[in-house]
Amino acid sequence: MMDKSFLSWPFLEPRHGALAESLHDWAASNLAGVDHSDTDAACRALVAMLGQGGWLAHSAPGANGLDVRTLCIIRETLAYHDGLADFAFAMQGLGAGAISLFGNAQQRKWLEKTRSGKAIAAFALTEPQSGSDVANIALSATRDGNSYVLNGEKTWISNGGIADFYCLFARTGEAPGARGLSAFIVTPDQPGFEVVARLHSIAPHPLAHIRLTDCRLPASAMIGAAGSGFKLAMSVLDVFRSTVGAAALGMARRALDAAIDRVQTRQISGAPLAELQMVQGHIADMALAVDAAALLVYRAAWAKDSGAPRITREAAMAKLYATDHAQDVIDRALQLHGGAGVQAGNICERLYREIRALRIYEGASDVQRIVIARQTLGGS
Ligand code: COS
């Protein structure tokens with residue numbers, strides 16, 4: 001049974017605790033029956049379910065704005081139950097994030113659809129030659145009268161192939177490097193938009209490589225000001241990086257719970273595994289990592305919700321620590337399960353595959369180290 005004592009920590013309010021409890025109940029009764037054999041279909045079904053359940057309403061701000069603690073609670077809870085459900089929720093938020101934070105009234109109409117599960121969103125930043133190095137984005141958007149003409153490629157795009165719109169970052173060239181990027185809303189029905197390959201990963205979710213060839217967009221498709229794309233992307237990532245840490249936390253909690261159950265029921269030499277000091281040492285390290293991750297995640301989320309203009313350092317710490325340590329917690333849980341831990345379908349085997357990408361997407365662990373070091377040393 002998941003330890004919910006963190007819900008009474010001062011970073012959180014009673015409404016967060018109530019949300020966590022009701023989402024746990026909903027997830028326990030609704031997620032177990034989702035068929036994962038067709039990843040696209042499962043993801044579409046999950047988006048629709050999360051929309052109908054009212055959970056997606058939290059993924060993009062309505063009247064009350066974006067509450068990062070709420071996003072974290074939801075991701076932690078969904079990830080505890082089902083990694084793909086967490087993915088479906090998270091990508092609605094990330095894909096719509098630029099519109100949520102910087103979109104105009106017309107663009108914000110997309111949010112009605114992402115919040116109800118009637119449209120699927122994607123965040124298209126990474127390119128074959130620029131993932132961590134966002135300032136190096138090459139996909140070009142050339143102004144032509146009242147339009148922009150886009151040419152180039154994006155890869156590892158989550159929800160690629162099933163998304164109804166992509167928040168896509170392109171080089172508009174106002175200045176070299178980071179100051180010459182802009183964000184656009186691109187729909188896949190646009191002539192020149194093509195999904196060139198579907199990509200398959202160790203924990204399946206919809207992923208694609210896309211190409212734009214003379215893809216013409218109205219100038220009104222631009223989100224925010226020309227040249228503001230880099231800062232816009234970083235602001236969105238500042239919010240959602242803490243939530244990646246929260247998802248990792250949910251997976252680590254699930255692994256810890258599975259490990260506790262295992263060591264209390266599995267006998268060795270006539271006594272439960274839990275009586276061995278070496279096993280107790282693992283359980284102690286796992287519990288410590290979970291609590292430390294939770295403190296960092298909810299510290300970052302609370303700071304943003306309390307009005308901090310930037311939480312770059314706090315979010316980077318939360319993501320780095322929570323994802324790297326979740327990997328360790330899950331690995332130890334799997335080890336404590338012995339052969340059963342690597343059996344396909346075992347919860348540890350599933351978590352072992354699901355956690356890996358979280359240490360890479362939305363800023364790989366070493367990018368987070370760069371961010372933390374720069375800020376600690378006094379940079380931007
Ligand atoms: N919020 C607002 N502005 C920010 C910012 C943030 N979080 N981070 C940087 N900026 C600003 C800087 O202040 C700087 O502004 P000025 O030009 O006015 O001085 C500008 O943006 C450029 O910043 P910086 O020089 O730090 O850019 P770098 O090219 O050195 O990039 C890293 C820094 C590596 C941190 C950035 O590229 C990054 O986060 N990469 C990872 C991206 C990622 O998550 N990729 C995964 C794909 S999404 S699944």
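Does Trp 156 count as buried or exposed, and at what relative accessibility? In this predicted model, Trp 156 counts as exposed because its relative accessibility is 51%, where the cut-off for exposed is over 50%. The protein that carries this residue has 10 helices and 10 strands, and its radius of gyration of 21 Å is close to the 21 Å that the globule rule gives for 380 residues, so the protein is as compact as a globular protein of that length.

**Overall form and surface**
- Along the principal axes of the protein, the C-alpha trace spans about 80 × 45 × 40 Å.
- Of the 380 residues, 54% count as buried, while the accessible surface comes to about 15900 Å², with 54% of that area belonging to carbon and sulfur atoms.
- When contacts between residues at least 6 apart in sequence are considered, 74% of them join residues that are at least 24 apart.
- The protein has 35 positive and 36 negative side chains, and a distance of 5 Å lies between the centres of the two sets.

**Domains**
- The chain is divided into domain 1, covering 5–116, domain 2, covering 121–229, and domain 3, covering 237–377.
- The centres of domain 1 and domain 2, taken over C-alpha atoms, are separated by 24 Å, and the contact between these two domains takes 18 residues from domain 1 and 21 residues from domain 2.

**Residues with positive phi**
- Trp 156 belongs to strand β3, which runs over residues 147–158, and its phi is near 55 degrees, a positive value in a residue other than glycine.
- Glu 362 also has a phi near 55 degrees, again a positive value in a residue other than glycine, but this residue is placed in the loop between α9 (347–356) and α10 (365–376).
- Glu 362 counts as buried because its relative accessibility is 12%, and buried means under 20%.

**The loops on either side of α9**
- Ala 357 lies, like Glu 362, in the loop between α9 and α10, and with a relative accessibility of 29% Ala 357 counts as partly exposed.
- Between Ala 357 and Met 286, which are 71 residues apart along the chain, the C-alpha atoms are separated by 20 Å.
- Asn 346 is found in the loop between α8 (312–336) and α9, and this residue is buried, with a relative accessible area of 18%.
- If residues up to four places away in sequence are not counted, Asn 346 touches His 337, Ala 340 and Gly 341.

**Ala 333 in helix α8**
- Ala 333 has its place in helix α8 and is buried, with a relative accessible area of 0%.
- With residues up to four places away in sequence again left out, Ala 333 touches Ala 255, Ala 259, Met 286 and Cys 348.
- Ala 333 and Tyr 352 are 19 residues apart in sequence, and their C-alpha atoms are 9.5 Å apart in space.

Definitions and conventions. Residues are numbered from 1 along each chain as its sequence is written. This is a predicted model: local features need pLDDT of at least 70, side-chain atom pairs count only at pLDDT 80 or more; totals for chains, interfaces and linings use all residues. Side-chain values use heavy atoms; hydrogens and water are left out. Helices (H or I, at least four residues) and strands (E, at least two) are DSSP runs, numbered from the N terminus. The radius of gyration is taken over C-alpha atoms; the globule rule is 2.2 Å times the number of residues to the power 0.38. Buried means under 20% relative accessible area, exposed over 50%, partly exposed in between (1.4 Å probe, protein chains only). Contact means heavy atoms within 4.5 Å. Accessible areas come from the Shrake-Rupley method with a 1.4 Å probe; for residues, only the protein chains shown count as cover. Lys and Arg count as positive and Asp and Glu as negative; His and the chain ends are not counted. The place of a charge is taken as NZ of Lys, CZ of Arg, CG of Asp or CD of Glu. Domain bounds come from an automatic or database domain assignment.
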